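Here is my notebook page for today. I looked things up one at a time and wrote each down as I went.

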Amino acid sequence: MPVQLSALSRSQGNNSRVKDGTVAPEGYSLHFEEVPVLVQGFRRMVRELAFDVSEMALTTYLTAREHGVKFTALPIFLVRGFHHNAIMVRQDSGITDPGQLVGKRVGVNRGYTVTTGVWARSIMANQYGLDLDSVTWVLSGDEHVEAYRPPSNVISAPAGKTLEQMVLDGELEAAIGVKSNSPDIVPLIPNANDVALTALRATGLYPINHLVVIKDEVLEAHPDAAVAVFEAFAESKRQYVADLKAGAIAEPDSADRLHLKVLEATGWDDPLPYGIEPNRAVLEDLIEQASKQRILTKTVKLEELFAESVRGLVG
């Protein structure tokens, strides 16, 4: 009988065959709980170790590891995306460049350690020269990792106020990760996806948002679980990429369309490589950005973030 493991992962093209059971880890059966708001599942995993296997935001994982949470990553990178379009301003604010936000107040959806926030701040600093320490970062929520303490220039939004309304009211000059239907709130960077694709061609870095973690107690009890889970997710992804390239996805969603644009822009064979080595540069960049932004305070050795048995695997 296969070993049953509880699991959390949002359904998407690259994990669909694992979710529906078409592809299963050898010797294991994954039983997925559907959590409508995925970040609430992340919170449960970080605070309660609620699942044996879980999708997890990358920077949340890095923060959790630094603070001793007992799970370990597999180099299965489920979600990637661009973040130039995550920075929003009021249309009549007069702010046309991220560098103009020096000394200003900028909202961040949820916590300071949110991975989109890390990537967006990296863009503002590295591509537009913004001094991140000069900005007051205003959060709409708290951190998944309760032990984490943000820098002194990070504060919480007043109770009862949304970041969207604070932008509209001029209390914030910009906000990261805010979803708004108001025509008065627009992306700060025009043609953001074109700018992002240009950056991708220049750097080769396709930002990673989510990976997969396994509870340490599961890895101790079942030493072969890491390889089995990695190989299943990798096979599911390979079949997805084949369908993507063959035009065999009947109703492509926004992620499918983005991966196709990445393939077209780069000429890569696979927009979603799994494994440490194919992703070394982007992982090291994210670790560097998290350190510069004072999310990580200790030196991180990349390989040690991942279960030993899968460090050399590529999928």
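**Ground rules.** I started with a definition: buried means under 20% relative accessible area, exposed means over 50%, and partly exposed is in between (1.4 Å probe, protein chains only). The model is predicted, so I kept in mind that local features need pLDDT of at least 70, that side-chain atom pairs count only at pLDDT 80 or more, and that totals for chains, interfaces and linings use all residues. Residues are numbered from 1 along each chain as its sequence is written, and side-chain values use heavy atoms, with hydrogens and water left out. Helices (H or I, at least four residues) and strands (E, at least two) are DSSP runs, numbered from the N terminus.

Most residues other than glycine have a negative phi. I looked up Asn191, where phi is near 50°, a positive value in a residue other than glycine. Asn191 sits in the loop between strand 10 (185-187) and helix 6. Is Asn191 buried or exposed? Asn191 counts as exposed because its relative accessibility is 59%.

I found Leu49 in the loop between helix 2 and strand 3. With 25% relative accessibility, Leu49 counts as partly exposed.

**Strand 3.** Next I followed the chain into strand 3 (residues 53-57), where 5 of its 5 residues are buried. In a regular strand the side chains alternate between the two faces of the sheet. Here Val53, Glu55 and Ala57 point one way, while Ser54 and Met56 point the other way.

I then asked which strands pair with strand 3. Two strands pair if DSSP finds at least two bridges between them. Strand 1 (residues 3-8) runs parallel to strand 3, joined to it by 2 bridges. In that pairing, Leu8 has Ser54 as its bridge partner. Strand 11 (residues 208-215) pairs with strand 3 in the antiparallel sense, over 5 bridges. There I saw Ala57 opposite His210.

**Rings.** A pair of aromatic rings is described by the distance of the centres and the angle of the planes. My cut-offs: rings of Phe, Tyr and Trp (its six-membered ring) pair if their centres lie within 6.5 Å, and planes under 30 degrees apart count as stacked, over 60 as edge-to-face and the rest as tilted. How many aromatic pairs does the structure hold? I noted 3.

One of them is Phe77 with Phe306, edge-to-face at 6.2 Å centre to centre and 90° between the planes. This pair links distant parts of the chain: Phe77 is in strand 4 (residues 71-80) and Phe306 is in the segment after helix 10 (280-292), 229 residues apart. Both Phe77 and Phe306 are buried.

The ring centres of Phe82 and Tyr206 are 5.3 Å apart with planes at 45°, so I wrote this pair down as tilted. Phe82 is in the loop between strand 4 and strand 5 (87-90), and Tyr206 is in the loop between helix 6 (192-203) and strand 11, so the pair ties together parts 124 residues apart in sequence. Phe82 and Tyr206 are buried too.

I also checked for charges over rings (NZ of Lys or CZ of Arg within 6 Å of the ring centre and within 35 degrees of the ring normal). The charged end of Lys19 sits over the ring of Phe32, 5.2 Å from its centre. Arg121 lies over the face of Tyr112, 3.9 Å from the ring centre.

**The largest pocket.** On a 1 Å grid over the protein atoms alone, a pocket is an open set of points with protein on both sides within 12 Å along at least five of seven lines, and lining residues have an atom within 4 Å of a point. Grid points are joined across faces, edges and corners, and a volume is the space filled by probe spheres set on the points. The largest pocket has a volume of about 1200 Å³. Of its 41 lining residues, Arg10, Val79, Thr116, Lys179 and Asn209 are the closest to its centre. Which element gives the most to this lining? Helix 9 does, with 5 residues.

Notes:
1 Å grid on protein atoms, 1.4 Å probe; cavity = no way out; pocket = protein on both sides within 12 Å on 5 of 7 lines; lining within 4 Å.
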